[in-house]
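Dear colleague,

I am passing on the structure we spoke about, and I would be grateful if you could look it over with the notes that follow it. Please open it alongside this message.

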Amino acid sequence: MRVIFFLLIIVLFAQCTQYKNLVYLQQDESTTDSARLAAIDKYELRPGDLLHVRVFSPDPAINQMFNFESSDSRSNYNDISLYLNGFQINDSSHIELPVIGVIDLENKSMAEARKTIADSVNAYVSDASVRVKLLSYRVNIIGEVSQPGVKTVYRHQSNIFEVLGMAGDINPMGDRTEVEVFRQYEGKKLKVTIDLSQFSALSSPAYHIYPNDVIYVKPLKAKAFRENIPIISLSLTTITTFLLILNYFR
């Protein structure tokens, strides 16, 4: 019977997730790198991406000519209004702007896209400045999160904590110490591992999330044990029954 007792104790502890596996940013190392990767500026634009483009000029007539949204929407910017007034890159990697017409943005980063659009505007008018932002992009979150799937981020830039929050956060069976981020960068496929339990995560290349990143939250080893608990319980029941029968015949 002692053997059964110890086995039950082991099963009980196996079901308990350790506290340290659930806490984010546990140690303040004070080494946050201010020169972390500028995700959006280095991202190469793709068909389907949505851009916010605004032309600013001292001449109100030029502003009205290039920016077709109403004055009411300009004074009440939010995610929805920006989305409705955005310019989507088509399957040919082009956008079409008022007055200027079609602009080719194939294989261009955000910084290159800003320059290309600004040059096109300056070909028509002088003393104008151009603001270009990425309005929305998709991120795929899989593994041990409450709501896995493809998430659309309606903002210029996001970090891994914000994106995981959109997926309902990592569940108790997810490994916060070894989250994997898969991305395509400069024509290469990369995998970056980030430990969300440490402050060093804030300076990791995976802290800022790229458009089309895949975030994989791996399960804790305890999950595999929990998945086998029904089999273990059945085995223990069988052993107990066998020992009782054996003890009865003795």
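Predicted model: local features only at pLDDT ≥ 70, side-chain atom pairs only at ≥ 80, totals over all residues.

Valine 99 lies in the loop that runs between strand 3 (94-97) and strand 4 (101-104). With a relative accessible area of 39%, valine 99 counts as partly exposed, because that class covers the values between the limit for buried, under 20%, and the limit for exposed, over 50%.

In soluble globular proteins, nonpolar side chains tend to be buried together. Here the largest nonpolar core has 44 residues, and the members that touch the most others are Leu45, Leu51, Ile95, Ile160, Leu164 and Ile215. Strand 5, which spans residues 129-143, contributes the most to this core, with 5 residues.

With strand 1 (residues 50-56), strand 5 pairs in the antiparallel sense over 7 bridges, and phenylalanine 56 has serine 129 of strand 5 as its bridge partner. The pairing of strand 5 with strand 6 (residues 149-153) is likewise antiparallel, over 5 bridges; these two strands form a hairpin with 5 residues between them, and tyrosine 137 stands opposite valine 153 of strand 6. Strand 11 (residues 214-217), by contrast, runs parallel to strand 5 and is joined to it by 4 bridges, with glycine 143 opposite valine 217.

For the chain as a whole, the model contains 9 helices and 11 strands. Of its 250 residues, 36% count as buried, while the chain exposes about 14700 Å², of which carbon and sulfur atoms supply 55%. Where contacts join residues at least 6 apart in sequence, 64% of them link residues at least 24 apart.

With best wishes

Key
Residues numbered from 1 in each chain as written. Heavy atoms only, no water. Core = buried A, V, L, I, M, F, W, Y, C linked by side-chain atoms within 4.5 Å. Buried < 20%, exposed > 50% of the residue type's maximum accessible area, 1.4 Å probe, protein only. Pairing = 2+ DSSP bridges. Contact = heavy atoms within 4.5 Å. Areas by Shrake-Rupley, 256 points an atom, 1.4 Å probe, with all protein chains shown as cover.
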